[in-house]
Amino acid sequence: VNLIMDTFASLALATEPPSESLLLRKPYGRNKPLISRTMMKNILGHAVYQLTIIFTLLFAAIQRDQRPQDPRGEERF
């Protein structure tokens, strides 16, 4: 699994050519956060979106299982 993840990361870095401004900028300081505000907003936004979809599907499945049974005892699909 680690080999696959490293391959994807190296492909992401290798496919974009370095720009001159990127190569000339100074490194970030030690006290700077690794995750910026924009990144945190994106992470939380995607988490809320995925949880909404998962819980919607879960509760729809629960409601479907709680419907009244056929009086003849046959299950319908």
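This report describes the fold, surface and aromatic contacts of a predicted model.

## Overall architecture

The protein contains three helices and zero strands, and its order along the sequence is α-α-α. Of its 77 residues, 1% count as buried. The accessible surface amounts to about 8,200 Å², and carbon and sulfur atoms account for 64% of that area.

## Annotated segment

An unreviewed UniProt entry carries the annotation "transmembrane region" for residues 43–62. In the model, this stretch is 100% helix and 0% strand. The C-alpha atoms at the ends of residues 43–62 are separated by 28 Å.

## Nonpolar surface patch

Leu34, Ile35, Met39, Met40, Ile43 and Leu44 together form a nonpolar surface patch of about 600 Å². One of these residues, Met39, belongs to helix H3, which spans residues 37–65. Met39 has a relative accessible area of 40% and is therefore partly exposed, as this value falls between the 20% limit for buried and the 50% limit for exposed residues.

## Aromatic pair

One aromatic pair is present in the structure. The ring centres of Phe55 and Phe59 lie 6.1 Å apart and their planes meet at 20 degrees, so the pair is classed as stacked; the cut-off for this class is an angle under 30 degrees.

Phe55 is partly exposed, with 40% relative accessibility. Phe59 likewise counts as partly exposed, at 49%.

Notes
Residues numbered from 1 in each chain as written. Predicted model: local features only at pLDDT ≥ 70, side-chain atom pairs only at ≥ 80, totals over all residues. Heavy atoms only, no water. Patch = residues over 30% accessible without salt bridge, like charges linked within 9 Å, V, L, I, M, F, W, Y side chains within 5 Å. Areas by Shrake-Rupley, 256 points an atom, 1.4 Å probe, with all protein chains shown as cover. Salt bridge = Lys/Arg side-chain N within 4 Å of Asp/Glu carboxyl O. Helix = DSSP H or I, 4+ residues; strand = E, 2+ residues; numbered from the N terminus. Buried < 20%, exposed > 50% of the residue type's maximum accessible area, 1.4 Å probe, protein only. UniProt positions renumbered as here; feature names shortened; annotations may be inferred. Phe/Tyr/Trp six-rings, centres within 6.5 Å; stacked < 30°, edge-to-face > 60°.
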